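Q: Can you walk me through this one? I have a few quick things to ask.

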Amino acid sequence: MPLLMLLIFTLASCGAGSSTAIEPAASGGPPSGETLTVWALSDTHIKDRKHMKPFRNAVEDVNDNIPDVDMAINAGDVAHFPTVESYDLYIKTRDGSYIKEWHEIIGNHDYKTDKGNIFREKLRGGGDVNYTVEKGNILFIFISNEDRGKPTVITDETFEWWKDLVINNQDKIIVVTTHAPLDGSGIMFSGLKARQIVDSKRFREVLRDYKVDIWLSGHLHIPQSLPDTIVTQEKLGGTTFIEISSIRPDLWGMKEPESRVLTFACGSDKLLVRSRNHKRYFYTPGLDKTITLSKPYECD
Ligand SMILES: [Fe+2]
(Lines give C-alpha, C1' and ligand atoms only; values in the text may rest on other atoms or scores of the structure.)
Protein backbone atom coordinates (compact mmCIF):
# COMPACT_ATOMS: atom_id res chain seq x y z
CA MET A 1 0.00 0.00 0.00
CA PRO A 2 1.56 3.34 -1.01
CA LEU A 3 2.56 5.69 1.81
CA LEU A 4 -0.07 8.29 0.97
CA MET A 5 -2.81 5.69 1.03
CA LEU A 6 -1.48 4.33 4.30
CA LEU A 7 -1.48 7.78 5.90
CA ILE A 8 -4.98 8.71 4.79
CA PHE A 9 -6.19 5.28 5.69
CA THR A 10 -4.73 5.41 9.19
CA LEU A 11 -6.12 8.86 9.90
CA ALA A 12 -9.54 8.05 8.56
CA SER A 13 -9.71 4.69 10.31
CA CYS A 14 -9.77 6.48 13.63
CA GLY A 15 -13.29 7.77 13.08
CA ALA A 16 -16.27 6.89 10.97
CA GLY A 17 -17.21 9.46 8.38
CA SER A 18 -18.51 9.59 4.88
CA SER A 19 -19.02 12.25 2.28
CA THR A 20 -21.80 11.53 -0.07
CA ALA A 21 -25.06 13.05 -1.14
CA ILE A 22 -26.99 9.94 -0.17
CA GLU A 23 -29.03 10.16 2.99
CA PRO A 24 -29.02 7.37 5.58
CA ALA A 25 -31.99 5.03 5.67
CA ALA A 26 -34.79 6.63 7.62
CA SER A 27 -35.73 3.36 9.26
CA GLY A 28 -32.19 2.32 10.14
CA GLY A 29 -33.01 -1.19 8.99
CA PRO A 30 -33.85 -3.17 5.90
CA PRO A 31 -37.08 -2.40 4.09
CA SER A 32 -40.08 -4.53 4.90
CA GLY A 33 -41.96 -6.60 2.33
CA GLU A 34 -40.54 -8.82 -0.37
CA THR A 35 -36.88 -8.13 -0.92
CA LEU A 36 -33.81 -9.14 -2.88
CA THR A 37 -30.81 -9.12 -0.57
CA VAL A 38 -27.32 -9.26 -2.05
CA TRP A 39 -24.18 -9.88 -0.04
CA ALA A 40 -21.40 -8.01 -1.86
CA LEU A 41 -17.93 -9.05 -0.76
CA SER A 42 -14.51 -8.86 -2.35
CA ASP A 43 -10.83 -9.61 -2.04
CA THR A 44 -11.01 -12.80 -0.02
CA HIS A 45 -7.37 -13.52 -1.07
CA ILE A 46 -7.52 -17.18 -0.09
CA LYS A 47 -4.00 -18.60 0.33
CA ASP A 48 -4.04 -21.81 2.32
CA ARG A 49 -5.61 -23.47 5.33
CA LYS A 50 -3.80 -21.15 7.75
CA HIS A 51 -5.38 -18.04 6.25
CA MET A 52 -9.02 -19.08 6.11
CA LYS A 53 -10.24 -17.38 9.26
CA PRO A 54 -11.42 -14.01 7.85
CA PHE A 55 -13.55 -15.58 5.12
CA ARG A 56 -14.77 -18.35 7.39
CA ASN A 57 -15.78 -15.78 10.02
CA ALA A 58 -17.58 -13.69 7.41
CA VAL A 59 -19.57 -16.70 6.18
CA GLU A 60 -20.42 -17.65 9.77
CA ASP A 61 -21.48 -14.07 10.49
CA VAL A 62 -23.88 -14.13 7.56
CA ASN A 63 -25.15 -17.59 8.50
CA ASP A 64 -25.79 -16.57 12.09
CA ASN A 65 -26.81 -12.93 11.81
CA ILE A 66 -27.94 -11.96 8.32
CA PRO A 67 -31.00 -13.91 7.23
CA ASP A 68 -32.56 -14.02 3.80
CA VAL A 69 -29.55 -13.26 1.61
CA ASP A 70 -30.57 -14.30 -1.90
CA MET A 71 -27.23 -14.12 -3.65
CA ALA A 72 -23.58 -13.31 -3.00
CA ILE A 73 -21.19 -11.41 -5.25
CA ASN A 74 -17.40 -11.70 -4.90
CA ALA A 75 -15.76 -8.86 -6.85
CA GLY A 76 -12.44 -10.59 -7.42
CA ASP A 77 -9.14 -11.57 -5.88
CA VAL A 78 -10.95 -14.63 -4.66
CA ALA A 79 -7.55 -16.33 -4.32
CA HIS A 80 -4.23 -14.76 -3.46
CA PHE A 81 -2.40 -17.24 -5.69
CA PRO A 82 -4.43 -19.05 -8.31
CA THR A 83 -3.92 -22.62 -7.17
CA VAL A 84 -6.34 -25.52 -7.12
CA GLU A 85 -6.00 -25.66 -3.34
CA SER A 86 -6.96 -21.98 -2.91
CA TYR A 87 -10.15 -22.32 -4.92
CA ASP A 88 -11.05 -25.62 -3.28
CA LEU A 89 -10.71 -23.98 0.13
CA TYR A 90 -12.81 -21.04 -1.04
CA ILE A 91 -15.52 -23.29 -2.44
CA LYS A 92 -15.60 -25.48 0.67
CA THR A 93 -16.07 -22.44 2.92
CA ARG A 94 -18.53 -20.79 0.57
CA ASP A 95 -20.56 -23.98 0.42
CA GLY A 96 -20.86 -23.88 4.21
CA SER A 97 -23.05 -20.83 3.71
CA TYR A 98 -26.81 -21.05 3.49
CA ILE A 99 -26.56 -18.81 0.39
CA LYS A 100 -26.98 -21.01 -2.64
CA GLU A 101 -26.26 -18.49 -5.38
CA TRP A 102 -22.73 -17.11 -5.74
CA HIS A 103 -21.24 -15.02 -8.52
CA GLU A 104 -17.53 -14.26 -8.73
CA ILE A 105 -15.25 -12.37 -11.11
CA ILE A 106 -11.51 -12.55 -11.81
CA GLY A 107 -9.32 -10.02 -9.99
CA ASN A 108 -5.65 -9.33 -10.65
CA HIS A 109 -4.56 -12.04 -8.21
CA ASP A 110 -6.86 -14.64 -9.78
CA TYR A 111 -5.40 -13.85 -13.18
CA LYS A 112 -1.74 -13.36 -12.57
CA THR A 113 -0.05 -16.73 -13.09
CA ASP A 114 -2.53 -18.75 -15.11
CA LYS A 115 -4.72 -16.17 -16.90
CA GLY A 116 -7.64 -17.07 -14.66
CA ASN A 117 -7.84 -20.65 -15.93
CA ILE A 118 -8.25 -22.31 -12.52
CA PHE A 119 -10.84 -19.68 -11.58
CA ARG A 120 -12.70 -20.37 -14.81
CA GLU A 121 -12.74 -24.11 -14.25
CA LYS A 122 -13.54 -24.03 -10.56
CA LEU A 123 -15.99 -21.14 -10.31
CA ARG A 124 -17.49 -20.86 -13.79
CA GLY A 125 -17.52 -24.52 -14.80
CA GLY A 126 -15.23 -23.67 -17.72
CA GLY A 127 -17.71 -21.08 -18.99
CA ASP A 128 -17.67 -17.33 -19.54
CA VAL A 129 -16.04 -15.11 -16.95
CA ASN A 130 -18.02 -12.13 -18.24
CA TYR A 131 -21.70 -12.84 -17.77
CA THR A 132 -25.08 -11.54 -16.70
CA VAL A 133 -27.69 -12.52 -14.14
CA GLU A 134 -31.27 -11.24 -14.02
CA LYS A 135 -33.42 -10.86 -10.94
CA GLY A 136 -36.82 -9.40 -11.78
CA ASN A 137 -36.02 -6.18 -13.64
CA ILE A 138 -32.46 -5.98 -12.32
CA LEU A 139 -29.66 -6.85 -14.74
CA PHE A 140 -26.38 -7.72 -13.03
CA ILE A 141 -23.36 -7.49 -15.34
CA PHE A 142 -20.17 -9.19 -14.18
CA ILE A 143 -16.87 -8.26 -15.85
CA SER A 144 -13.58 -10.01 -15.06
CA ASN A 145 -10.00 -8.76 -15.34
CA GLU A 146 -8.70 -9.85 -18.75
CA ASP A 147 -4.97 -9.23 -18.50
CA ARG A 148 -2.16 -9.26 -15.99
CA GLY A 149 -1.36 -6.35 -13.74
CA LYS A 150 -2.88 -4.26 -11.01
CA PRO A 151 -5.20 -2.12 -13.16
CA THR A 152 -8.33 -3.84 -14.45
CA VAL A 153 -7.90 -4.46 -18.17
CA ILE A 154 -11.11 -5.02 -20.12
CA THR A 155 -10.78 -5.99 -23.77
CA ASP A 156 -12.42 -4.07 -26.62
CA GLU A 157 -14.68 -7.04 -27.27
CA THR A 158 -15.90 -7.13 -23.68
CA PHE A 159 -16.35 -3.36 -23.64
CA GLU A 160 -18.59 -3.60 -26.73
CA TRP A 161 -20.54 -6.45 -25.11
CA TRP A 162 -21.05 -4.31 -21.98
CA LYS A 163 -22.01 -1.25 -24.02
CA ASP A 164 -24.63 -3.18 -26.01
CA LEU A 165 -26.06 -4.61 -22.81
CA VAL A 166 -26.35 -1.16 -21.24
CA ILE A 167 -27.90 0.44 -24.33
CA ASN A 168 -30.37 -2.39 -24.87
CA ASN A 169 -31.49 -2.76 -21.26
CA GLN A 170 -32.44 0.78 -20.32
CA ASP A 171 -35.80 -0.55 -19.10
CA LYS A 172 -33.91 -2.36 -16.32
CA ILE A 173 -32.01 -1.47 -13.18
CA ILE A 174 -28.40 -2.15 -14.19
CA VAL A 175 -25.79 -3.22 -11.64
CA VAL A 176 -22.20 -3.61 -12.88
CA THR A 177 -19.45 -5.42 -10.97
CA THR A 178 -15.74 -5.02 -11.80
CA HIS A 179 -12.63 -5.62 -9.73
CA ALA A 180 -11.15 -2.10 -9.86
CA PRO A 181 -13.28 1.05 -9.83
CA LEU A 182 -13.76 3.35 -12.78
CA ASP A 183 -11.41 6.31 -13.11
CA GLY A 184 -13.70 9.31 -12.73
CA SER A 185 -16.06 7.52 -10.37
CA GLY A 186 -15.01 9.69 -7.45
CA ILE A 187 -14.17 6.62 -5.36
CA MET A 188 -11.10 7.33 -3.22
CA PHE A 189 -7.86 6.33 -4.99
CA SER A 190 -9.65 5.47 -8.25
CA GLY A 191 -7.56 8.19 -9.91
CA LEU A 192 -4.41 6.10 -9.42
CA LYS A 193 -3.33 4.07 -12.45
CA ALA A 194 -2.88 0.84 -10.50
CA ARG A 195 -6.28 1.21 -8.87
CA GLN A 196 -8.60 1.76 -11.83
CA ILE A 197 -10.04 0.32 -15.01
CA VAL A 198 -7.73 0.94 -17.96
CA ASP A 199 -9.32 3.24 -20.56
CA SER A 200 -12.15 4.22 -18.26
CA LYS A 201 -12.96 7.11 -20.59
CA ARG A 202 -14.91 4.92 -23.01
CA PHE A 203 -17.10 3.67 -20.14
CA ARG A 204 -17.68 7.22 -18.92
CA GLU A 205 -18.82 8.26 -22.38
CA VAL A 206 -21.52 5.58 -22.32
CA LEU A 207 -22.60 6.46 -18.78
CA ARG A 208 -23.24 10.05 -19.80
CA ASP A 209 -25.92 8.90 -22.25
CA TYR A 210 -27.21 5.63 -20.76
CA LYS A 211 -28.22 4.82 -17.22
CA VAL A 212 -26.31 2.41 -15.01
CA ASP A 213 -27.70 2.52 -11.49
CA ILE A 214 -24.98 0.84 -9.44
CA TRP A 215 -21.29 0.04 -10.03
CA LEU A 216 -19.67 -2.28 -7.49
CA SER A 217 -15.92 -2.79 -7.19
CA GLY A 218 -13.25 -4.03 -4.81
CA HIS A 219 -9.45 -4.02 -5.23
CA LEU A 220 -8.74 -1.05 -2.95
CA HIS A 221 -8.96 -2.79 0.43
CA ILE A 222 -9.91 0.50 2.08
CA PRO A 223 -12.22 0.83 5.07
CA GLN A 224 -15.81 1.76 4.36
CA SER A 225 -15.60 4.53 6.95
CA LEU A 226 -13.30 6.52 4.65
CA PRO A 227 -14.79 9.37 2.63
CA ASP A 228 -15.88 8.62 -0.92
CA THR A 229 -16.40 4.89 -0.68
CA ILE A 230 -19.94 5.39 -1.97
CA VAL A 231 -20.32 8.13 -4.55
CA THR A 232 -23.29 9.10 -6.67
CA GLN A 233 -21.62 10.64 -9.69
CA GLU A 234 -23.97 13.18 -11.26
CA LYS A 235 -21.49 13.85 -14.09
CA LEU A 236 -21.89 10.20 -15.13
CA GLY A 237 -25.66 10.01 -15.31
CA GLY A 238 -26.08 9.57 -11.58
CA THR A 239 -24.43 6.15 -11.32
CA THR A 240 -23.72 5.26 -7.70
CA PHE A 241 -20.26 3.74 -7.32
CA ILE A 242 -19.76 1.50 -4.31
CA GLU A 243 -16.39 0.36 -2.98
CA ILE A 244 -16.98 -3.04 -1.41
CA SER A 245 -13.77 -3.21 0.68
CA SER A 246 -11.99 -6.46 1.48
CA ILE A 247 -12.67 -9.56 3.50
CA ARG A 248 -8.93 -9.90 4.03
CA PRO A 249 -7.79 -7.78 6.97
CA ASP A 250 -4.84 -5.48 6.33
CA LEU A 251 -2.41 -3.27 8.21
CA TRP A 252 -1.86 -5.72 11.02
CA GLY A 253 -5.58 -6.07 11.54
CA MET A 254 -6.38 -2.34 11.73
CA LYS A 255 -8.31 -2.71 8.50
CA GLU A 256 -11.02 -5.14 9.53
CA PRO A 257 -12.94 -7.50 7.22
CA GLU A 258 -15.90 -5.64 5.70
CA SER A 259 -18.51 -6.16 3.04
CA ARG A 260 -21.78 -4.57 1.87
CA VAL A 261 -25.33 -5.81 2.20
CA LEU A 262 -27.67 -4.48 -0.50
CA THR A 263 -31.42 -4.77 -0.10
CA PHE A 264 -33.80 -4.11 -2.99
CA ALA A 265 -37.47 -3.95 -1.98
CA CYS A 266 -40.21 -5.11 -4.31
CA GLY A 267 -42.13 -2.15 -5.77
CA SER A 268 -39.66 0.38 -4.34
CA ASP A 269 -37.03 2.53 -6.03
CA LYS A 270 -35.02 2.68 -2.83
CA LEU A 271 -31.94 0.52 -2.36
CA LEU A 272 -30.56 0.14 1.15
CA VAL A 273 -26.78 -0.34 1.33
CA ARG A 274 -25.28 -1.32 4.68
CA SER A 275 -21.69 -1.70 5.79
CA ARG A 276 -21.00 -5.02 7.49
CA ASN A 277 -18.01 -5.49 9.78
CA HIS A 278 -17.31 -9.21 10.13
CA LYS A 279 -14.90 -8.83 13.01
CA ARG A 280 -17.25 -6.87 15.22
CA TYR A 281 -20.34 -8.64 13.84
CA PHE A 282 -22.30 -5.43 13.32
CA TYR A 283 -23.46 -2.98 10.71
CA THR A 284 -21.10 -0.07 11.14
CA PRO A 285 -23.15 2.72 12.74
CA GLY A 286 -23.69 5.77 10.58
CA LEU A 287 -22.82 4.09 7.28
CA ASP A 288 -26.27 3.03 6.06
CA LYS A 289 -27.13 4.64 2.74
CA THR A 290 -30.37 4.73 0.84
CA ILE A 291 -29.92 5.09 -2.90
CA THR A 292 -32.72 6.09 -5.23
CA LEU A 293 -32.81 3.84 -8.28
CA SER A 294 -33.91 4.88 -11.76
CA LYS A 295 -37.05 2.78 -11.43
CA PRO A 296 -38.74 0.53 -8.82
CA TYR A 297 -37.52 -3.02 -8.41
CA GLU A 298 -40.05 -5.38 -9.94
CA CYS A 299 -39.57 -8.73 -8.29
CA ASP A 300 -40.30 -12.07 -10.02
FE1 LIG B 1 -7.06 -7.54 -3.60
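**Loops, strands and a helix pair**

A: Ser245 is a place to start: this residue sits in the loop that runs between β9 (239–243) and β10 (258–265). Keep in mind that the model is predicted.

Q: Is Ser245 buried or exposed, then?

A: Ser245 is buried, because 31 other C-beta atoms lie within 10 Å, and the cut-off for buried is 20 or more.

Q: What about its backbone, what is phi of Ser245 near?

A: Phi of Ser245 is near 75°, which is a positive value in a residue other than glycine.

Q: Why point that out?

A: Because most residues other than glycine have a negative phi.

Q: Which other residue has a positive phi?

A: Tyr281, with phi near 55°, and this residue is not glycine either. Tyr281 is in the loop between β11 (270–277) and β12 (282–283).

Q: How does Tyr281 count, on C-beta neighbours?

A: Tyr281 counts as partly exposed, because it has 13 C-beta neighbours inside 10 Å.

Q: Back up a bit. How many helices and strands are in the protein chain?

A: The chain has 7 helices and 13 strands. It has 300 residues, and 46% of them count as buried.

Q: And contacts, what share join residues at least 24 apart?

A: 75%, taken among contacts between residues at least 6 apart in sequence.

Q: Now the helices. At what angle do α3 and α5 pack?

A: About 30°, with the axes of α3 (residues 84–94) and α5 (residues 117–124) 10 Å apart. The two helices are therefore roughly parallel, since that term covers angles under 35 degrees.

Q: Is the crossing left-handed or right-handed?

A: The crossing of α3 past α5 is right-handed.

Q: Which residues make the contact?

A: From α3 it is Val84, Tyr87 and Ile91, and from α5 it is Ile118, Phe119, Lys122 and Leu123. Sorted by class, the contact between α3 and α5 has 6 nonpolar residues, 1 charged and no polar ones.

Q: Next, the core. Which residues touch the most other members of the largest nonpolar core?

A: Ala40 and Leu216, in a core of 71 residues.

Q: What does Ala40 touch?

A: Leaving out residues up to four places away in sequence, Ala40 touches Ile73, Ala75, Leu216, Ile244, Ser259, Arg260 and Leu262. As background, nonpolar side chains tend to be buried together in soluble globular proteins.

Q: Where does Ile214 lie?

A: Ile214 is in strand β7 (residues 214–217). Ile214 counts as buried because it has 25 C-beta neighbours inside 10 Å.

Q: Which residues does Ile214 touch?

A: Val175, Thr240 and Ile242, again without residues up to four places away in sequence. Phe140 is 74 residues from Ile214 along the chain, and their C-alpha atoms are separated by 9.4 Å.

Q: Where is Thr232, and how does it count?

A: Thr232 is in strand β8 (residues 230–233). With 18 C-beta neighbours inside 10 Å, Thr232 counts as partly exposed.

Q: Last one: where is Asp128 found?

A: In the loop between α5 and β4 (131–135). Asp128 is partly exposed, with 13 other C-beta atoms within 10 Å. Asp128 and Ile143 are 15 residues apart in sequence, and their C-alpha atoms are 9.8 Å apart in space.

Terms used
Residues numbered from 1 in each chain as written. Predicted model: local features only at pLDDT ≥ 70, side-chain atom pairs only at ≥ 80, totals over all residues. Axes fitted to C-alpha atoms, helices over the stretch in contact; angles between N-to-C directions. Helix = DSSP H or I, 4+ residues; strand = E, 2+ residues; numbered from the N terminus. Parallel < 35°, antiparallel > 145°, perpendicular 65-115°, else oblique. Left-handed = near helix turned anticlockwise from the far one by under 90°. Contact = placed C-beta atoms within 7 Å. Nonpolar A, V, L, I, M, F, W, Y, C, P; charged D, E, K, R; others polar. Core = buried A, V, L, I, M, F, W, Y, C linked by C-beta atoms within 7 Å. Buried ≥ 20, exposed ≤ 12 C-beta atoms within 10 Å, placed from the backbone.
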